[in-house]
Amino acid sequence: MGLFDDQIKHVQDFLAEKQSLSQVREFQVSPYSGWPSEASLILEEDTALELGNPGIGSMSFIIWSEGHGADHDRILLVGPDLNEIRVQSVPFCQMILVKGSFRDEYECWRELREAVYDTKLEGFMTRVLPSRQMIWCRVDREALAKGFLLPHLGAALIRSLRDVSFVSGAEVIFVTSGKEDMEKLKKPGYDTARIVGAMMKMNEEKIYDCESCEYWDVCKSVAELRMMRRRLTGELAK
Amino acid sequence: MRHKVVAICGKGGAGKTTVSAVFAKALSERNDLRALVVDADPTGGLGMALSIPVKRSIDEVRAETIRAIKTGESDRRDIAVSADYLLMEAISERGNLAFLSIGRPEQIGCYCSVNSLLRDAIEFLVGNFDITLIDAEAGIEQVNRDVMRAVEFIVLVSDTSAKGIRVAETIKKVAEEISGQNKTGLLLNRVRSEDEVREIEARTELEVIGWFPEDETIRRFDAQELSFFDLPPCPASKGVVEALERAKILD
C-alpha cells in the first residue's frame with residue numbers, strides 16, 4: 001500500500017478515459033530539455049498566455065509511489081499546447097507522479113517539493129499556493145514566439161526530479177482542456193492536499209492526539225499515515 | 001535604470017500623494033521601463049488618485065500568511081512560495097505599471113517571521129522592476145523601517161510652512177542615520193513666487209530640487225476623483241516632472 005494509491009488510480013482512470021478518446025498526447029523528455037533557466041516576473045502587458053489564473057481554475061499536486069505509475073519518464077498533455085491555445089487565459093492543471101524509494105516519506109516529499117519549486121524557466125512565470133493546490137503561470141510573448149511549449153516545462157520538471165537521489169521515474173501531466181476535466185481532478189487534488197496536510201501536521205507539530213485532529217478521517221482511510229504516526233510516536237519500535 | 005527605489009515623504013497634507021500620482025503618470029508614459037508603484041500610506045490615497053482598484057493589500061497578504069501559520073496548514077517553505085503567489089495576486093496592473101497597496105495593519109502582535117518572509121518576497125518583486133515608487137506614510141514613521149534601507153532617493157515634499165520644512169529635515173536626518181546612502185531633495189508645494197523658494201533655500205540645508213504652485217487642475221481632479229493618468233499638462237505636473245528630471249530620478 002502507498003500513501004497515494006487512491007489518487008494515482010483516480011488519475012490513471014482519468015487518463016485511460018482520455019486515451020480512449022484519443023485526447024492524450026505523449027512527449028519524451030530529451031527533445032524538450034535545455035530551455036534556459038531563469039526566475040521571471042511577467043506583467044500582463046508582456047503576457048501572451050495565462051494558465052491557471054485564480055479566477056479561472058487551477059490545480060497542482062505531486063503524488064508518488066514505490067509500486068505503480070511513472071514507470072518511465074514522460075510528459076502527457078490533455079488539451080491544447082501553448083501554441084494551440086486561442087484565448088489569453090485557460091484553466092490549468094499540473095499533476096506530477098513520481099516513482100522511487102521513499103524511506104522517510106515526509107523528508108522525501110520535502111525534497112520533491114523543492115525540486116518542483118526550484119524549476120524556473122526563462123519567459124515562464126509560476127506562482128503556487130500549496131494550501132489550495134493552485135498554480136498560476138504566465139508565458140511571455142517572447143518565449144511563445146521562440147517556441148516555448150508545455151513539454152519544455154514538463155522536461156525541466158522531470159530533469160529536476162530525476163536529480164533527486166531516490167527518484168527512479170517521473171511523469172508530468174498537464175491539463176488545459178477546460179473546466180470539465182478540472183472538475184474530474186478536483187477530488188484527487190483535494191485528497192492529496194489532505195494527506196500532505198496530515199503528514200505535515202504529524203511531522204511539524206508533533207501532536208498525535210487523533211481526537212482533536214482535523215485530519216483524523218484522512219488517517220482513518222490511509223494506512224500509510226497510521227504507520228507514519230506509529231513510527232513517529234515510537235509505537236513501532238516497542 | 002535598474003532597481004531604483006524612490007520614496008516620496010513629508011508631513012501630512014504636504015502633497016505627497018499628488019507628487020506620487022504625477023510621478024506615476026510620468027512613469028506610465030515611459031514604455032522603456034517597468035515600474036512598481038507602492039501606496040505605503042494606510043489611508044490609501046494613491047490608489048484613489050490613480051483610479052486603480054486595490055485587489056488585496058499587503059497587510060491582507062500578511063494576515064492570510066499569519067492565519068496559515070496559526071492553522072499549521074503550511075510550513076515555512078510553503079508559506080514563502082505562497083507569499084509570492086499572494087503578492088502577485090495583490091498586484092493591480094496598468095500597462096508597464098504594477099501597483100501595490102500596503103493597507104492598514106490590523107493584526108496585533110509580533111510576527112517577525114512573516115514580516116521577514118514578506119520582505120524577501122517584496123525585495124524579489126522590487127528586483128524585477130526598473131524603478132519602484134513608494135508613496136510613504138505621513139511623517140517619519142516609515143523612515144525608521146527596513147523598507148527605507150533600500151531607498152535610493154527620498155523626495156521630501158513640503159509646503160512652504162516652517163513646520164513642513166522641519167519635518168522634511170527630520171526625515172533626512174533619520175534616513176541618514178539609518179542608511180547614510182539615500183540622496184534627498186526638497187520639492188516645494190503651494191509656492192506663490194520664486195522669491196519664496198529663495199527664502200526657504202536660505203534657511204534650510206536641504207537641496208531644493210523644484211517647486212510647484214497651488215493648482216486649480218489638481219484641485220479639480222481631487223474634488224471629482226478623476227484619475228491622474230488623465231491629468232493634462234498643468235503648472236503642478238510641470239513642476240513635479242521638472243524636479244524629478246533635475247534630480248535625475250527619471251534617468
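In the model, which is predicted, 17 residues of chain A are in contact with 19 residues of chain B. Contact here requires C-beta atoms, placed from the backbone, within 7 Å. On the side of chain A that touches chain B, two elements give two or more residues: strand 7 (124-129) and helix 6 of chain A. Helix 6 of chain A contributes the most, with 5 residues. By class, this side of chain A holds 9 nonpolar, 2 polar and 6 charged residues. Nonpolar covers Ala, Val, Leu, Ile, Met, Phe, Trp, Tyr, Cys and Pro; charged covers Asp, Glu, Lys and Arg; the others, Gly among them, are polar. Helices (H or I, at least four residues) and strands (E, at least two) are DSSP runs, numbered from the N terminus.

Because the model is predicted, local features need pLDDT of at least 70 and side-chain atom pairs count only at pLDDT 80 or more, while totals for chains, interfaces and linings use all residues. Residues are numbered from 1 along each chain as its sequence is written, and chains are lettered from A and ligands numbered from 1 in the order in which they are written.

Helix 6 (residues 186-205) of chain A also packs against helix 1 (residues 5-20) of chain A. The angle is about 160° and the axes are 9 Å apart. Axes are lines fitted to C-alpha atoms, for helices over the stretch in contact; angles run from 0 to 180 degrees between N-to-C directions. Helix 1 of chain A is therefore roughly antiparallel to helix 6 of chain A. Angles over 145 degrees count as roughly antiparallel, under 35 as roughly parallel, 65 to 115 as roughly perpendicular, and the rest as oblique. The crossing of helix 1 and helix 6 of chain A is left-handed, a term for a near helix turned anticlockwise from the far one by less than a right angle, clockwise being right-handed. From helix 1 of chain A, A:Asp6, A:Gln7, A:His10 and A:Val11 meet A:Lys187, A:Pro188, A:Asp191 and A:Thr192 of helix 6 of chain A. This contact of helix 1 with helix 6 of chain A has 2 nonpolar, 3 polar and 3 charged residues.

Helix 2 of chain A packs on helix 6 of chain A as well, at an angle of about 115° with the axes 10 Å apart. The crossing of helix 2 and helix 6 of chain A is left-handed. A:Glu105, A:Tyr106 and A:Trp109 in helix 2 of chain A meet A:Val196, A:Met199 and A:Asn203 in helix 6 of chain A. By class, the contact of helix 2 with helix 6 of chain A has 4 nonpolar, 1 polar and 1 charged residues.

In chain B, the axes of helix 1 (residues 16-28) and helix 9 (residues 235-246) come within 10 Å and cross at roughly 75°. Helix 1 of chain B is thus roughly perpendicular to helix 9 of chain B. B:Thr18, B:Val19, B:Val22, B:Phe23 and B:Ala26 in helix 1 of chain B meet B:Ala236, B:Ser237, B:Val240, B:Val241 and B:Leu244 in helix 9 of chain B. The contact of helix 1 with helix 9 of chain B has 8 nonpolar, 2 polar and no charged residues.

The largest nonpolar core has 145 residues. Such a core is a set of buried Ala, Val, Leu, Ile, Met, Phe, Trp, Tyr and Cys residues joined through C-beta atoms within 7 Å. B:Leu133, B:Leu156 and B:Leu187 have the most contacts inside the core. Its largest share, 7 residues, comes from helix 4 (residues 150-162) of chain A. Residues up to four places away in sequence aside, B:Leu156 touches B:Cys9, B:Gly10, B:Ala168, B:Ile171, B:Lys172, B:Thr184, B:Gly185, B:Leu186, B:Leu187 and B:Leu206.

A:Ser22 lies in the loop between helix 1 and strand 1 (24-27) of chain A. A:Ser22 has a positive phi of about 55° although it is not a glycine. A:Ser22 counts as exposed because it has 7 C-beta neighbours inside 10 Å. A residue is buried with 20 or more other C-beta atoms within 10 Å of its own, exposed with 12 or fewer, and partly exposed in between, C-beta atoms being placed from the backbone. B:Arg190, in the loop between strand 7 (183-188) and helix 7 (194-203) of chain B, likewise has a positive phi, near 55°. B:Arg190 counts as partly exposed, with 18 C-beta neighbours inside 10 Å.

Conventions
Two residues are in contact if their C-beta atoms, placed from the backbone, lie within 7 Å.
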